[in-house]
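Take a look at the sequence and the model before reading on.

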Amino acid sequence: MRDGVEQARRDVDAAEAARRAAEASAARMRAMVAGLNAIVWERDPLTWRFRFVNARVEEVLGYPVRQWLDEPGLWQRILHPDDADHVLSAVRATIADGEDLSLTYRMRAADGHWVWLQHLAHVARDERGTPTAMHSVLVDITDSKRRELAAAMLATAGRVLTGPAGVEERLTSVTGLLVPDLGDWAAVWLRGDDERYRPVAVAPTSLADRVRALGSVRVPDEFAVALQAGRAFAVPQVTPELFRAATTDEAGFAALSAIGGASWLAAPLTIGGAVVGLLTLTAQAPDRYDEPDVALATDLGQRLATMVAAERLAARRRQLHEITVDLSAAGTVAEAAAALTTGLRDVLGASLVAVCTLGDDGQLHTIDVVGAPPGRWDDFTTMRLTPDVPLADAALTRRPVWLPDQATVTERYPAVAGSMSAQTQGIAALPLLVGDRLVGALALTYRTPRPFDSDERAFLLTVADQAAVAFERAALADVRREMAETLQRSLLPAALPDVDRLSVAARYLPAVEGTSAGGDWFDVLPLGDGAVAVAVGDVVGNGAPAAAVMGQLRSALAGLLLAGFSPGRALEVLDRFAGHVAGARVTTVACLRLEPDAGRLTHSSAGHPPPLLVNGRDGRGREGYLDGGLGPALGLPTGGSRPEATLTLAPGATLLLYTDGLVERWGDTLDDGLARLTAAITARRSDPLPALVDGVLGELVDGNGGDDDVAVVAVRLLPAPLRLDLPAEMTRLAEVRRAVQRWAPTAGLSAEAVEDLLLALGEATGNAVEHAYRDADVAGRMVVELRLDGAGDVVASITDTGAWRPPPADPGFRGRGLQIISALARDVDLSPGPTGTALRFVFAPAAPLPAAPRRRAAAEQIVVAQRPDEQPAGLEVTDARGRRCLALTGDLDLAGVTAIRELVLAELAGDRPITVDLTRLGHVTSVGAGLLLEVAERAGVHGDPDILLPTTGPARRMLDLTGLAAALRPGADTLPH
């Protein structure tokens, strides 16, 4: 009996203990679920009602737990319309089939935002296979998904903006990409001279007419500062006051209020520091936009601005070409002046344009004026060169005068206030110069303020140059030499364009002594889609007559290429044009179109010597004279359309176009000349492009001048810039080196140059890792950027968002990173600031170094934990002839020093003589140099150490730069055995 009672008591105690354990386990499970950084829920697989939801659901989506449990269908109701069908079908299939579920979809949060979720689910079943519960874990992946979508959107926008459609069509396509994911409607606005913005592209199309009906809007004053600084800004809650400030009248206010929405995001389109337009996004929900949205809009705005700038440049080129043609056709000064004033007024919308020439009496005399009311210009028919009047002041100082508004005019030139029209605002006055000699002056006035941005100034200055040439030609026809020089300056490009991913060099050598005019020409024309057109031509003959023919053909060809004609089609039309130009028969032309981003080359030739292609430093890939696309010279019979050929260039490839004066020699065949050219350019394939062209000319052209003009254009395809954005951790330093080593061959860098570049980058990135985030719990990021400039130099930038510690008074061999970088590069600039530090430098590739021998020795390997895909630092230890032999291997950067320092110093704690072998070191930074000095000092405690130095290679380069090679005592040539 007592045994039974005792057993019952023990059973009760055991049951109670089991109950308490179960409750504790359940409590721990609830605490774990509550603490997960994810939504966790359980649902009935038959009714789909929620049985359990953790508190994280309210943090992520804003709906309280009670609402999820009590409101059937809440989950289905807030699914994104585009995702709902797929998600519901997948859940039904999971319940029916028993497969685990993995889905990514969007749900609308309580505040209206769309949240991206990664949904993982499992259906529990009983022994009969009947579903009893669906358990789910949902993780908020909105940030990563937004970054992914933003990258895809920018890529798509880039393709659209470089497409073949018209400007407004491309802009409309881009705005269409933004709706509805980033707003309910989007628009691109361009700024007018009145500082107001007019819509040119709207999405969706259903709103386009209503937005365009607004006419123009202005940016409210409270946002003007951010706009002028080129910063995008968000308006969390738009008020009626803002709509009223943006419009001019009640009708505009009412129209904008009706479509305006609750929140706005605006990004400026900036060209050369001037705001030329706006990209706006509008949402019906308040406080819709956050920092990632602002960053995306900023990037899109700059891409739009780049496209607008390219289109404006192309338009300016066409306008300049038209004015230049009219000026060239003028036979008298009066005809030239009329062509100038009429052309500029039509192109720039000026209210008044006047042109004067300098008379023998030293005064300005008005030749032509358009737009002036009767009697308005009477006081300025003749002007002395005084500083009191803008036009006379420009002529007196030989410098242009830019006056953006009437207040500036009256402040600087009070003498003209009484005679100036009340409507006059902006004024531009430019001297007309031929060389240093003044021939006249040009004035333009506007009825609205005129900022005169850099593009407009450049255009007017170019027009002024062309006008001056025209006046000089008409007025001084007897000065033949000056006429020829002026003609040539107007016919050949004044400057080569700056094209992304392309280096360009060109030279022109006249054959006729005493003149720079001739029949050879070249052109390098950036096209609106990011491509570039290059042409070289040769008119039969030389001197001014050939130059006159050349000018007509070059202008016509440039116009065709800028209008979008392919090389073959442009030559076909040019051939017909040449039939109407006396002296143009048998002219030869080589014409090509190159798309730098894709490396795609399209070329065609009209009887011209073939372009020569050489590849980068390694010389791999297709090389030689281009075949295909060959046709007869202009004016000769053709068999139909002119042929074209295409090929793809690799980064580093150089293409040389030239006229026959470069390769023809008396008594030699053309093949001999082509062979000489091939040898000359191949020997210089790695030279910077200007040096390559000058070297080829110096070798092939007689120093006393040849019998024919010579025109040469060389273009080199540069690699895409390298950009690394990675955590500032020492384990990532090897990753930087690997990325640079992959990029360097496409940049044409020799192995020796790469070693020096890696040494400089190692110091810069090591400093960012070691110093930028010293007080942070988690390392921030560093951005490493490399690009190749047109001269073949590497422009490097390493930025972080941390703060460096002040340098010590005596850094020893540590802290000398900037000295090392300065020894390897130029223009070193360290710019610390409150938001981070930027280190920039320019690296010019050095001459190749001899190959470094490698030493191999059997030894005991001490394994150091490192990532397997890196080149880790290591320590190999052997004993020979009573000496402890330490061989340091691999890369001694910050990570390497951290890995092996204690191991090395521990080996130096004994009392045996030491041999230190450094011949197998890879990259050594200043941190590694500090360790080597410490090793040498400690090894010296036990007598004279033997230190084996590398004879060449990156480690020796560092030892020489720091002076450590002299500080370390050299040892024997080989390891003792």
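## The chain at a glance

This is a predicted model, so local features need pLDDT of at least 70 and side-chain atom pairs count only at pLDDT 80 or more, while totals for chains, interfaces and linings use all residues. Residues are numbered from 1 along each chain as its sequence is written, and side-chain values use heavy atoms, with hydrogens and water left out.

The chain has 28 helices and 37 strands. Those elements are DSSP runs numbered from the N terminus: helices are H or I with at least four residues, strands are E with at least two. Of the 977 residues, 50% count as buried; buried means under 20% relative accessible area, exposed means over 50%, and partly exposed is in between (1.4 Å probe, protein chains only). Now for contacts, meaning heavy atoms within 4.5 Å. Take the contacts between residues at least 6 apart in sequence: 63% of them join residues at least 24 apart.

## Two nonpolar cores

A nonpolar core is a set of buried Ala, Val, Leu, Ile, Met, Phe, Trp, Tyr and Cys residues joined through side-chain atoms within 4.5 Å. The largest one here has 72 residues, and F841, L888 and L892 touch the most other members. Helix α23 (residues 751–771) gives this core its largest share, 10 residues. Apart from that core lies another, of 54 residues, with F522, A533, A535 and A558 among them.

Which residues does F841 touch, if we skip those up to four places away in sequence? They are L757, A760, L761, V794, V795, A796, I798, I821, A825, R826, D827 and V828.

## Helices α22 and α23

Helix α23 also has a packing partner: α22 (residues 733–743) packs with α23 at an angle of about 150 degrees, and their axes are 10 Å apart. Axes here are lines fitted to C-alpha atoms, for helices over the stretch in contact, and angles run from 0 to 180 degrees between N-to-C directions. The two helices are therefore roughly antiparallel to each other. The cut-offs: under 35 degrees is roughly parallel, over 145 roughly antiparallel, 65 to 115 roughly perpendicular, and the rest oblique.

On the α22 side, the contact is made by L733, V736, R737, V740 and Q741; on the α23 side, by V754, L757, L758, L761, T765, G766 and V769. That divides into 8 nonpolar, 3 polar and 1 charged. For these classes, Ala, Val, Leu, Ile, Met, Phe, Trp, Tyr, Cys and Pro count as nonpolar, Asp, Glu, Lys and Arg as charged, and the others, Gly among them, as polar.

Helix α20 (residues 670–682) holds G673, which is buried with a relative accessible area of 0%. The C-alpha atoms of G673 and L700 are separated by 8.7 Å, though the two residues are 27 apart along the chain.

How do α20 and α21 pack? The angle between α20 and α21 (residues 689–700) is about 140 degrees, with axes 9 Å apart, and the pair is therefore oblique. The crossing of α20 and α21 is right-handed. R676, L677, A680 and I681 in α20 meet L692, V696, E699 and L700 in α21. By class, this contact has 6 nonpolar, no polar and 2 charged residues.

## Residues worth a look

H603 lies in strand β21 (residues 600–606). Is H603 buried or exposed? H603 is buried, at 5% relative accessible area. Leaving aside neighbours within four places in sequence, its contacts include P567, C591, L592, L626 and D627.

Two cis peptide bonds are next. One joins V179 and P180, with omega about 10 degrees, and P180 lies in the loop between α7 (167–178) and β6 (185–191). Another joins A203 and P204, with omega about 5 degrees; P204 lies in the loop between β7 (197–203) and α8 (208–212).

Finally, some backbone angles. R398 is not a glycine, yet has a positive phi of about 60 degrees; R398 sits in the loop between α14 (390–397) and β14 (401–403) and is partly exposed at 37%. D827, not a glycine either, has a positive phi of about 50 degrees. D827 lies in strand β31 (residues 826–833) and is exposed, with a relative accessible area of 54%.

Conventions. A crossing is left-handed if the near helix is turned anticlockwise from the far one by less than a right angle, and right-handed if clockwise.
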